[in-house]
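This report goes through a few local features of one structure. The sequence and the structure come first.

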Amino acid sequence: MISGRTGQTLLTVLQSAGIYEIEAPCGGNGKCGKCLVQVTGAISPSDSTEERLLPHGEARRLACRTRIEGDCTVFLAPEGSVDAFRGGLCENVALKPIRRQGLGAAVDIGTTTVVLYLVDLATGEIINTQSGMNKQRIFGADVISRVEYTTVHEDGLNQLSDTILTQIDTYLRQACREAEREIGELREIAIACNTVMAHILTGLPPKTIAVAPFTPISLFGKCFSAASLGLHVSPDVSVYVSPCIAGYVGGDITAGLFASGAYMADGTCLYLDIGTNGEIALGNRAGFLCCATAAGPAFEGAEIACGSSGVTGAISSVRFSDGAVGYQVIGGGVPTGICGSGLVDTLAMLLKLGAVDETGRSFRWMRHLYAQNRIWGSEMTGLCFISMRHVLYSFQTKTSESCSLPRLR
Ligand code: FES
């Protein structure tokens, strides 16, 4: 049972209660149509945004548009599980200085996922790993949505900071418990993350990174005490936040260049980090050129009707052979969306079939299909289309008449 004030949106109430099991890619701005909840009780009627974003007959409501008017019950869809990348291909990096005792934690705060490694500082061995979705995603899927949240909501920055600090605290405790070590043994924490995440983590307003000339308040590369950040570990535990280069080239890139050894290579290296933000660094020991752009939202479906992260239920691969479309769903079962690899497969297939051109632009009749959410015949012998209703269809026809379509499984 949680309580909220009359007039508050369901999303706000859930956020305040620390309930993160809900997608809110646009940060509650009524743009993405993905904060779907099943709700009964005293709630506001649908507004024009919901009528525009939700398909006809959709019984669920948008949590960011639905306001509470009394007692109500909200049913959340089970959260899709995600396997954050936990391993690595690099050689272990020698610890300097070497400590003779105690524990260290290395934390990778991605915009979408968070991974924590617990390290025995005496041996350098990783003794436990914790990972999961970044709980801040209820405030927005990408860094811009989260920056916007901190500027629009009076307490937004504190909410986001508290969320990631609580997640790190939880992971530290779980890791120590599973490794059968004491949290009091913790001596150092090293954190790599993008520049916006580093600002939020340390309580600095990230607003300036979102507007030209995109200047961060700090580039970090320094230590904080756990107490000053608000982590619930021994107050003298030192927390190192790795150095950022610019507003969109963060400490995760410097950490990656260091760990991979690229920073001291004689030959030219290309370093790619394709996360929610994508960065590409090219160079060698003499220096690197680096550029960055939003990558994840394109692959995780922030602006795509059926788009999804790579979680259970997402279509992860699509193929076309013998005139039919086949696909795979993460974890099996009925698809609930399509993630990046499925989108890339689909685009490649549509290109091959001639449904889009090499710029990705769909042909006029294809847009017509999309607008009507129907499939029409074409001159081609095979074509597929992913409908706006999360269902994959295919057909074969040589006519220009409309046709009914088999639902694929
Ligand atoms: S429409 Fe509600 S979070 Fe995007």
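Which residues does T40 touch, not counting residues up to four places away in sequence?

## Basis of the model

This is a predicted model, in which local features need pLDDT of at least 70, side-chain atom pairs count only at pLDDT 80 or more, and totals for chains, interfaces and linings use all residues. Residues are numbered from 1 along each chain as its sequence is written.

## T40

T40 touches C72 and T73 once residues up to four places away in sequence are left out; a contact means that C-beta atoms, placed from the backbone, lie within 7 Å. T40 belongs to strand β1, residues 36–43. Helices (H or I, at least four residues) and strands (E, at least two) are DSSP runs, numbered from the N terminus.

T40 counts as exposed because it has 10 C-beta neighbours inside 10 Å. Between the C-alpha atoms of T40 and F75, 35 residues apart along the chain, the separation is 8.7 Å.

## Helix α3

Helix α3 spans residues 143–152, and seven of its 10 residues are buried, so it is largely enclosed by the rest of the structure. Those buried are V143, S145, R146, V147, E148, Y149 and T150. They pack against α4 (156–179), α5 (195–202) and β11.

## The sheet β10-β11-β12

Three strands in the order β10-β11-β12 form an open sheet with antiparallel pairing; strands pair if DSSP finds at least two bridges between them. β10 (269–274) and β12 (287–294) are at the edges with a single partner strand each, so one side of each has no neighbour in the sheet. From one strand to the next the twist averages 10 degrees.

Eight bridges join β11 (residues 277–284) to β12 in the antiparallel sense, and N277 stands opposite A294 in β12. Helix α7 (residues 251–260) lies across β10, β11 and β12, at about 135 degrees to β10. Such angles run from 0 to 180 degrees between N-to-C directions, with axes fitted to C-alpha atoms, for helices over the stretch in contact.

## Helix α9

In helix α9 (residues 340–353), the buried residues are G340, G342, L343, T346 and L350. Down the axis of α9 they fall within an arc of 155 degrees, so they line one face of the helix; the arc is that of the directions from the helix axis to the C-beta atoms. Just after α9, G354 has a positive phi of about 85 degrees.

Conventions: Two residues are in contact if their C-beta atoms, placed from the backbone, lie within 7 Å. A residue is buried if 20 or more other C-beta atoms lie within 10 Å of its own, exposed if 12 or fewer, and partly exposed in between; C-beta atoms are placed from the backbone.
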